[in-house]
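Colleague: I am new to this model and would like to know what the terms used for it rest on. Could you take me through them?

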Amino acid sequence: MTQRPSQGEAPLAIELRGISKAFGPVQANKDISIQVKRGTIHGIIGENGAGKSTLMSILYGFYKADAGEIYIGGRPTPIPDSQAAIDAGIGMVFQHFKLVQPFTVLENVILGAEDGKLLKPSLAKARKLLTDLAREYELDVDPDAVVEDLNVGLQQRVEILKALYREADILILDEPTGVLTPAEADHLFRILKGLRDQGKTIILITHKLREIMEITDTVSVMRRGEMTATVKTAETSPEQLAELMVGRKVLLRVDKTPAQPKETVLEVRGLRVIDDQGVERLRGIDLDIRAGEVLGIAGVSGNGQSELLEVLGGYRKAEGTIRMNGQEIALTGSASDARMRRMQGIAHVPEDRQREGLIMEFRAWENVGFGYHREERFGSGLFMDNTALRTDCEGKMARFDVRPPDPNLAAKSFSGGNQQKIVLAREIERDPDLLLIGQPTRGVDIGAIEFIHKQVVALRDKGKAILLVSVELDEIMALSDRIAVMFDGRIMGERLPSETDANELGLLMAGMTGKPVAAE
Amino acid sequence: MDYAGLIQILDSALRLSTPLLFACLAGLFSERAGVFDIGLEGKILASAFLSAAMAAYTGNVWLGMFAGILASLMLATIHGMASITFRGNQLISGVAINFLASGLTVVIGEAWFGLGGRTPQLEGAARFGELTLPFADAIRGIPFIGPIYADLLSGHSILVYVALLCVPLTWWILSRTRFGLRLRAVGENPAAVDTAGVSVVGLRFAAVMICGLLCGLAGAYLATALSAGFVKEMSAGRGFIALAALIFAKWRPWHALGATFLFGLLEALGNRFQSLELLGITIPTQFMQALPYILTVVILAGFVGRAIPPRAGGEPYVKER
């Protein structure tokens, strides 16, 4: 598989030859070879669990490969630990930032790369360098700001600055836009292009096809631990990349007809939530959801969407009024609320399926019974009818294409997409009047995304109301019949998908009010 | 109470707060690096015993002190191995160390000296003497200032001054040096340190060893300066009080000085006023002597405002993506 670099081409920044890595029985990387040219932005795309992050962690010395060789700038360079990677000029921006929250930006930048035993000279040097970099690459951050006070976009800049302070020539970014607003993502891309034009090499790991098409020069596709293709971005298309990622043709658009909204199902008025720390998380939310429509809530995560779902799901205390099918529902947040919600026809697919949606150690059939185990068909009195539960689970697994269709398998043994299908099957098959669904496709493969989106649209077409919360703007745009944007516990405005675009929504998500509320 | 009486109480408070200050700074190093240590008590006890035993055997208090430090360092190594290398539970390791020290000191003491777990009374060069600061006698006559210098500040064992010097030293190390920055970072987010190419294990071990050194000094002071020999369970919960003081001090060195002095003061008051008449009610001795412990409970119950511990405290570092 390995090819010698031919003479006369742009020199290679990185070459990996035959990298393999296994975690126990799972082969995360299988004989991977890749060549990255200097001064390019090289995208690596693949589904969750395809082995992208593992590969990059090997390159950064976080994991040790079982086999294979790493060449940096044409020379064989073993990378046993992160220090070796840093010495080789590699910087990495992890998906979950590796910053010390109570430290200042300066302290974070110099940590591990101090010049001497005393801090003062290093801090002065870093301050000067930061000023230069800010000018050169639009990387402005207040050097004396404490990191925990910065928003995620700025924290990410600190991570990039850390790498540049260490004189990195090669910058690896792992899913960098997952936490950014569209405007912040655009800014990041400008920074990356600036860095590339200065001769730096950038590796961008992502699962978003749009980003690959927008910014990369070359793209490598990974599937199930193997590198399936490396192509020039200009010579490919999103459809082709999706097919390479999944191994079959995938429908990237959501097929749906215009909504036929009917009567109002859910009516929310003046909803307020104050959390344990006394912080007001929801500051007066008004919402209506009608039968037969999908209301999408867009926003950067942490702006009150989670709290809204928790209140509607019946496990967070709130003030205000909520009417479901005209009847006021309790907002005490006690256990009985969540049970009442189900009886009132509200089903909930929570944002964090591993924490709220499933018990990972429990079997699939047990998980499918949760919340509905009191029903008569699943037993009476003290005893549960396990056989009935198992049979019920088998049916759901078949209808929702859960793989493998084994009710006795623990929830944790399924992939993200199949876990989500289990939760979805449990909630949708209850035939609810209102489905609350949070981050339906977070950590879910493209193939499963297609399936989940179809299910949501099908439920809508059956005349049910759906509240969709997602941080993926593409998903909101594709699924919603109406879009409400949340920022800092408020609804910044409502838009119709046909009359808005990512730019306008992005502004709203950043707290800037755009045009007045769109007419119905 | 007259002025001389006040000076006397403060003087006694300073003596009594010294082992607490050592232990509190010991805990500070360990916990700022993310390793909880409820084994301070055990380390103090082990050091107190071995320093007294060695001092009794050789007649040299310095050799005693080094033996005490060694004992404490050995227990610190066990804690480091258990909680850093093998990623065990830090609380359980600490509890084990306390039990180990509590039992071993008495058993070995009985085997060596046959005095029911005590060591022989230390005299002369086997104990830390009192240092008289220069010009103490000359300045004593000056009103107000004189007694503060001559009677309060002067006339303590050298370890008292060492402890006091440790406060600015600790502050300087933590806030001004590379080691301090990394140490604080590893207690907040070890992954940040790891990805910066610095060894998490190395840093945490260094912190735990410094903790052992300071606990060793606390124990040696207890047995060879404050008292004249080792008595069974003589640490008397000081390791735990130091932990309470550490929380009270919000893991900061200068605050630690204030917090431990407050505990020392309460203990001094308890010793001085065996029974106190207040508004016609006699407060029993037991209550006065329980004051430091009562304050400990109050502090640990969280009555002193929100204290934010180092974020990665108590958790072994496991590499993950």
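Modeller: In this predicted model, the contact between the two chains takes 24 residues from chain B and 32 residues from chain A.

Colleague: What makes these residues part of the contact?

Modeller: Contact requires heavy atoms within 4.5 Å, and 24 residues of chain B and 32 residues of chain A are counted. The area buried between the chains is about 2300 Å², with 59% given by carbon and sulfur atoms.

Colleague: Why is the pair R182(B) and E114(A) called a salt bridge?

Modeller: The closest N and O atoms of R182(B) and E114(A) are 2.6 Å apart. The rule asks for a side-chain nitrogen of Lys or Arg within 4 Å of a carboxyl oxygen of Asp or Glu, so the pair qualifies.

Colleague: Which elements of chain B give two or more residues to the side that touches chain A?

Modeller: They are α7 (158–176), α8 (178–188) and α9 (190–195) of chain B. Of these, α8(B) gives the most, with six residues. The residues on that side of chain B divide into nine nonpolar, five polar and ten charged.

Colleague: How do you know that R210(A) and D474(A) form a salt bridge?

Modeller: Their N to O distance is 3.3 Å. The cut-off is 4 Å, so R210(A) and D474(A) meet the rule. Between domain 1 and domain 2 of chain A the count is two salt bridges.

Colleague: Where do the bounds of those domains of chain A fall?

Modeller: Domain 1 covers 12–246, and domain 2 covers 264–359 + 433–509. Their C-alpha centres lie 33 Å apart.

Conventions. Residues numbered from 1 in each chain as written. Chains lettered and ligands numbered in written order. Predicted model: local features only at pLDDT ≥ 70, side-chain atom pairs only at ≥ 80, totals over all residues. Heavy atoms only, no water. Buried area = accessible area lost by both parts, 1.4 Å probe. Helix = DSSP H or I, 4+ residues; strand = E, 2+ residues; numbered from the N terminus. Nonpolar A, V, L, I, M, F, W, Y, C, P; charged D, E, K, R; others polar. Domains from an automatic or database assignment.
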